[in-house]
Amino acid sequence: MEFDKKQAWQQISQRIAHKTAQRRKRARSLFAAAAIVCLSVGYIAYHSFFIQPPQQLIEVTTSGKETKTIRLSDGSTLVLNTNSSLRYAEPLDKDLRKVELLHGEATFDIAKDAKRPFRVAVEQAEIEVLGTLFNVNAYSSKLAVTLAEGSIRFKKGTFQCMLVPGERLSFDPASQKASREQLDALAVLDWRSGKWVFQQMPLDEVLAQLAAQYNLSFVNARPDKPYPLITIYQDKAGMSLPQLLALLQRMGKSTIQFDQKSILLK
């Protein structure tokens, strides 16, 4: 049989065209799959970095016999003292981290994040920080902020100041007066491990804070009297509240009356 060159060439051309079409089809499929992956990754990235997830407002409150540790989504740790309350939104905002101390005392160990400042609102004042360790005491009419590590700025109305480690700021909202003093800042934080800690604090202020911690009323029969400064560092397990009040009475050379509802300073 005579070899038909024309027919052979047609068959080869058909096979080449079929394989080319198959390769193009596979390429289009791969391109479409890659496009879907890219769109999915882009969608996820957009929602992760540009769209803030819904926030939940959280309020934490302690009784007169408990403390609570709170761990925020940024890695910061807050410890709430007895009879205290704190409010914050989770997840924290992508631009500004903020919590509000509604009442009582808390220690703040803040994760460093230069792009997201951290602010604590308390008694219509504000504390600004990037990353540090500090304590805020709002039990009584006077606000006390103690800095253990780092740097913070306290602002209340037109008043503002920077604190350095080992410094306590005491601010009286009623008179708008402030005082600063050096002290053992790390010892102040030891209330977290179950200790009574008062450093160079007037007797009437100590009693006001104790009353607030135990949800008692406090009455000072002689508010104009100058009271001595008190320093106490004592395990709570080894000293009950009545025993502590008896000790304060001796140290302060004053009369203190105590019942299940109130503390009276004469």
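Visitor: By class, how many charged residues does the lining of the second largest pocket have?
Guide: The model is a predicted one. In the lining of the second largest pocket, four residues are nonpolar and three are polar. Asp-172, Asp-204 and Glu-205 are among the lining residues, as is Lys-142. The number of charged residues in that lining is four.

Visitor: Which element gives the most to the lining of the second largest pocket?
Guide: Asp-204, Glu-205 and Ala-208 are among the residues that line this pocket. Two elements give two or more residues to the lining, and strand 15 (217–220) is one of them. The most, three residues, comes from helix 3.

Visitor: What is the volume of the second largest pocket?
Guide: Its lining includes Ser-140, Ser-141 and Pro-202, along with Phe-218 and Asn-220. The volume of this second largest pocket is about 150 Å³.

Visitor: How much space lies in the largest pocket?
Guide: The largest pocket has 16 lining residues, and those nearest its centre are Lys-142, Ser-170, Phe-171, Ser-179 and Pro-202. By class, the lining divides into five nonpolar, five polar and six charged residues. The space in the largest pocket comes to about 280 Å³.

Visitor: Which elements each supply at least two residues of the lining of the largest pocket?
Guide: Ser-170 and Phe-171, two of the residues nearest the centre of the largest pocket, fall within strand 12 (167–172). Ser-179 is also nearest the centre, and its number falls within strand 13 (177–182). The elements that each supply at least two lining residues are strand 12, strand 13, strand 14 (195–202) and helix 3.

Visitor: How much space lies in the largest cavity?
Guide: The count of cavities of 30 Å³ or more comes to one. The space in the largest cavity is about 220 Å³.

Visitor: Which residues that line the largest cavity are the closest to its centre?
Guide: The lining of the largest cavity has seven nonpolar, seven polar and four charged residues. Strand 14 gives the largest share, six residues. Strand 8 (133–138), strand 9 (143–149) and helix 3 also give two or more. Of the 18 lining residues, the closest to the centre are Glu-105, Asn-137, Val-188, Val-197 and Gln-209.

Visitor: How many of the residues of helix 3 are buried?
Guide: Across the protein, buried residues make up 40% of the 266 residues. Helix 3 is described as mostly covered, and its buried residues include Leu-203, Glu-205, Gln-209 and Gln-213. The buried count for helix 3 is 10 of 11.

Visitor: Are helix 3 and helix 4 roughly parallel or antiparallel to each other?
Guide: Two packed helices are described by the angle between their axes and the distance between the axes. The axes of helix 3 (residues 203–213) and helix 4 (residues 241–252) come within 11 Å and cross at roughly 170 degrees. Angles over 145 degrees count as roughly antiparallel. The two helices are therefore roughly antiparallel.

Visitor: How many residues of the contact of helix 3 with helix 4 are nonpolar?
Guide: Helix 3 contributes Leu-203, Val-206, Leu-207 and Leu-210, while helix 4 contributes Leu-241, Leu-244, Leu-245, Leu-248 and Gly-252. One residue of this contact is polar and no residue is charged. The number of nonpolar residues is eight.

Visitor: Is Leu-247 buried, exposed or partly exposed?
Guide: Leu-247 is found in helix 4. Leaving aside neighbours within four places in sequence, Leu-247 is in contact with Ile-232 and Met-239. The relative accessibility of Leu-247 is 22%, and buried means under 20%. Leu-247 therefore counts as partly exposed.

Visitor: How far apart in space are Ala-237 and Lys-195, C-alpha to C-alpha?
Guide: Ala-237 sits in the loop between strand 16 (229–235) and helix 4, and Ala-237 is exposed, with a relative accessible area of 84%. Along the sequence, Ala-237 and Lys-195 are 42 residues apart. In space, the C-alpha to C-alpha distance between them is 8.1 Å.

Definitions and conventions
Residues numbered from 1 in each chain as written. Predicted model: local features only at pLDDT ≥ 70, side-chain atom pairs only at ≥ 80, totals over all residues. Heavy atoms only, no water. Axes fitted to C-alpha atoms, helices over the stretch in contact; angles between N-to-C directions. Helix = DSSP H or I, 4+ residues; strand = E, 2+ residues; numbered from the N terminus. Parallel < 35°, antiparallel > 145°, perpendicular 65-115°, else oblique. Contact = heavy atoms within 4.5 Å. Nonpolar A, V, L, I, M, F, W, Y, C, P; charged D, E, K, R; others polar. 1 Å grid on protein atoms, 1.4 Å probe; cavity = no way out; pocket = protein on both sides within 12 Å on 5 of 7 lines; lining within 4 Å. Points joined across faces, edges and corners; volume = space filled by probe spheres on them. Buried < 20%, exposed > 50% of the residue type's maximum accessible area, 1.4 Å probe, protein only.
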